[in-house]
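The structure is shown first, and the description follows.

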Amino acid sequence: MYEKNVVVNSFFEPSAVAMLVQTASKFKSRISLVIDEKTANAKSIMGIISLNMQEGQAVKIMAEGEDASTAVAELEALFIN
């Protein structure tokens with residue numbers, strides 16, 4: 001299991017959510033995003049939207065599987081950029 005804590009750097013518009021889901025979906029690993037006590041599948045648009053991400057919020061990226069470390073690194077880059 002790989003985990004990384006990041007901070008949402010800007011408002012997550014629908015296009016950013018779509019990019020996040022597209023990126024997560026190219027990996028075989030199970031990938032989740034956690035905000036407070038809410039957890040969502042990073043490969044699910046509705047799941048990500050349900051998190052209601054806001055600028056400045058802490059998000060934990062969690063991945064488990066053969067390409068988990070790469071998945072976490074690529075998703076982290078989306079939050080940073």
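## Basis of the description

Helices are DSSP runs of H or I with at least four residues, and they are numbered from the N terminus. The model described here is predicted.

## Packing of H1 against H3

Helix H1, covering residues 14-25, packs with helix H3, covering residues 68-80, at an angle of about 165°, and their axes lie 9 Å apart. Because angles over 145 degrees count as roughly antiparallel, H1 is roughly antiparallel to H3. The crossing of these two helices, H1 and H3, is right-handed.

On the H1 side the contact is made by Met19, Leu20, Thr23 and Ala24, while H3 contributes Glu74, Leu75, Leu78 and Phe79. Sorted by class, the contact of H1 with H3 comprises 6 nonpolar residues, together with 1 polar and 1 charged.

## The largest pocket

The largest pocket holds about 160 Å³ of space. Its lining consists of 12 residues, and those lying nearest the centre of the pocket are Phe12, Val17, Ile49, Asn52 and Met53.

Which helices each supply at least two residues of the lining of the largest pocket? They are H1 and helix H2, the latter spanning 45-51. By class, the lining of the largest pocket divides into 9 nonpolar residues, 2 polar residues and 1 charged residue.

How values were computed. Residues are numbered from 1 along each chain as its sequence is written. This is a predicted model: local features need pLDDT of at least 70, side-chain atom pairs count only at pLDDT 80 or more; totals for chains, interfaces and linings use all residues. Side-chain values use heavy atoms; hydrogens and water are left out. Axes are lines fitted to C-alpha atoms, for helices over the stretch in contact, and angles run from 0 to 180 degrees between N-to-C directions. Angles under 35 degrees count as roughly parallel, over 145 as roughly antiparallel, 65 to 115 as roughly perpendicular and the rest as oblique. A crossing is left-handed if the near helix is turned anticlockwise from the far one by less than a right angle, and right-handed if clockwise. Contact means heavy atoms within 4.5 Å. Ala, Val, Leu, Ile, Met, Phe, Trp, Tyr, Cys and Pro count as nonpolar, Asp, Glu, Lys and Arg as charged, and the others, Gly among them, as polar. On a 1 Å grid over the protein atoms alone, a cavity is a set of points where a 1.4 Å probe fits but cannot get out, and a pocket is an open set with protein on both sides within 12 Å along at least five of seven lines; lining residues have an atom within 4 Å of a point. Grid points are joined across faces, edges and corners, and a volume is the space filled by probe spheres set on the points.
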